[in-house]
Amino acid sequence: MTEGIRKILDVKEVVKLSRIKQNGPAFHIYPGAVHTRLSHSLGVYYLGREMMLSLSRKGSGLPFTERGLMSFLSACLLHDIGHFPYAHSLKELSVREHEEIARTLISATPELYAAIQRAGAVPEMTGAIIDTEVPADDEETLFYRSVLSGTLDPDKLDYLSRDAFFAGIPYGRQDTSYIISSISYCHGRIAISQDAISLVEQVLFSKYMMYRNLYWHKGVRGATAMIKKAVISALRDKVITLDDLYLRDDDSFKALCLSKMDYEPFSLVEAVENGAIEERKAWKPYDKNGQMEKRAGKIEERWRTEHEIFSRLSPLYPELREYETIIDIPEPISFETDINILMPDGSIQKPAEDEMLFSRAGDIFSRSLRKVALYLPSYVNVRDAERVFLEVANG
């Protein structure tokens, strides 16, 4: 790191990332998964820098300027500063994407803005690389965007390997050195050599396996759903506002909830902290045309379906609280395969449909992962839960 880039790490908005766990409550299932957003951001910076060095060694005609490169490296380091605490537990509640929040922080925080400038970067360009919704037409910014948010981006390459390492599961590890050595700059985009197509498949299959075994593990989903339920209930009842959630770390979010423990749904957050995670009692494959998916698809409206399930279970379980009845519907995920292939004659092609597994299997894998699930306290009988769940799901 240059001294200027290192100084960015001293800004409090960046230091905050050291107090946000990368995988949120997943450490209750995988005790080693206590690494932070800051360690991930440093990894993205490192891999982004290695990518630029690799490209620079290979040829001329690159749209690099020194200020542009420093803006890209700053974007790698700062891409997650707009993230909510508890990983993705609160993401679904936001009306603003974390990329937009990051760009706003860069422009509105004098200390951060000045630190980026001192690093030799352009704060506005840094923000535009992170937030792809901002209009941009210069070749350099568009190229850096495609690197930071592409099929083989440094973000994905780092979090898959890092999460797998700290969780102690083998599925996400990537040969990042070989991947980086296989990329080239072609027509404003990253391209890989023809003999490296298997690398793309490996990355995408690793993503699938990590969702299956870590990110969407039923215990992790249960803990995440409990936190969401507590917060969405508090928002609906005007106990807190969305502004109360912005720019918090894990500790300050917990302090917010614990300061309002007279509001019963916040006991769900306390339960997660103590490892008392509700159990998945019933589930069904996600069906975009399903009645439950249509009625409970929006998290703000999910409570009506949860109330219907609670009203059918409460005569059997008088001790059950309404806020303990939780439906979990994972957000859609994609297995993007938008990559350019550099052919031996120097031409650029897209992968043929029969050449790369994920051009056909990505949708199947995505559908196999998404499950609409009902979480309840351990004392609720599975048969009772399944019966009521299916009754409500079938209308």
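1. A residue is called buried when its relative accessible area is under 20%, exposed when that area is over 50%, and partly exposed in between, with a 1.4 Å probe and protein chains only. Helices (H or I, at least four residues) and strands (E, at least two) are DSSP runs, numbered from the N terminus.

2. Before going further, please note that this is a predicted model, in which local features need pLDDT of at least 70 and side-chain atom pairs count only at pLDDT 80 or more, while totals for chains, interfaces and linings use all residues. Residues are numbered from 1 along each chain as its sequence is written, and side-chain values use heavy atoms, with hydrogens and water left out.

3. Strand β7 covers residues 371-376 and belongs to an open sheet of 3 strands, in the order β3-β7-β4, with antiparallel pairing. Two strands pair if DSSP finds at least two bridges between them. The edge strands are β3 (279-285) and β4 (326-328), each of which pairs on one side only. From one strand to the next, the twist averages 20°.

4. How many bridges join β3 to β7? There are 6 bridges, and the two strands run antiparallel; within this pairing E279 stands opposite L376 in β7. On the other pairing, β4 is joined to β7 by 3 bridges, again antiparallel, and D328 stands opposite A373 in β7.

5. With β1 (residues 183-186), strand β2 (residues 189-193) pairs in the antiparallel sense over 4 bridges, and the bridge partner of S184 in β2 is A191. The hairpin of β1 and β2 has 2 residues between the strands, and H187 takes a positive phi near 50° there. With strand β5 (residues 340-342), β2 pairs in the parallel sense over 3 bridges, and I192 stands opposite I341 in β5.

6. A search of the whole structure finds 13 aromatic pairs. Rings of Phe, Tyr and Trp (its six-membered ring) pair if their centres lie within 6.5 Å, and planes under 30 degrees apart count as stacked, over 60 as edge-to-face and the rest as tilted. One of the pairs is that of F64 and Y144, which is stacked, at 6.0 Å centre to centre and with 20° between the planes. The pair links distant parts of the chain, 80 residues apart: F64 is in the loop between α3 (37-58) and α4 (66-78), and Y144 is in helix α8 (residues 139-148).

7. F64, F72, F143, Y144 and Y185 form one aromatic cluster.

8. The charged end of K21 sits over the ring of F27, 4.9 Å from its centre, while K371 lies over the face of W283, at 5.3 Å from the ring centre.

9. Helix α9 (residues 154-167) packs with helix α11 (residues 197-215) at an angle of about 40°, with their axes 11 Å apart. This makes α9 oblique to α11, where angles under 35 degrees count as roughly parallel, over 145 as roughly antiparallel, 65 to 115 as roughly perpendicular and the rest as oblique. Axes are lines fitted to C-alpha atoms, for helices over the stretch in contact, and angles run from 0 to 180 degrees between N-to-C directions.

10. K12 lies in helix α2 (residues 12-15) and is exposed because its relative accessible area is 58%; K12 and L112 are 100 residues apart in sequence and 8.5 Å apart in space, C-alpha to C-alpha. L247 is in the loop between α12 (218-236) and α13 (250-258) and counts as partly exposed, at 45% relative accessibility. The C-alpha atoms of L247 and L17 are separated by 10.0 Å, although these residues are 230 residues apart along the chain.

Terms used
A charge sits over a ring if NZ of Lys or CZ of Arg is within 6 Å of the ring centre and within 35 degrees of the ring normal.
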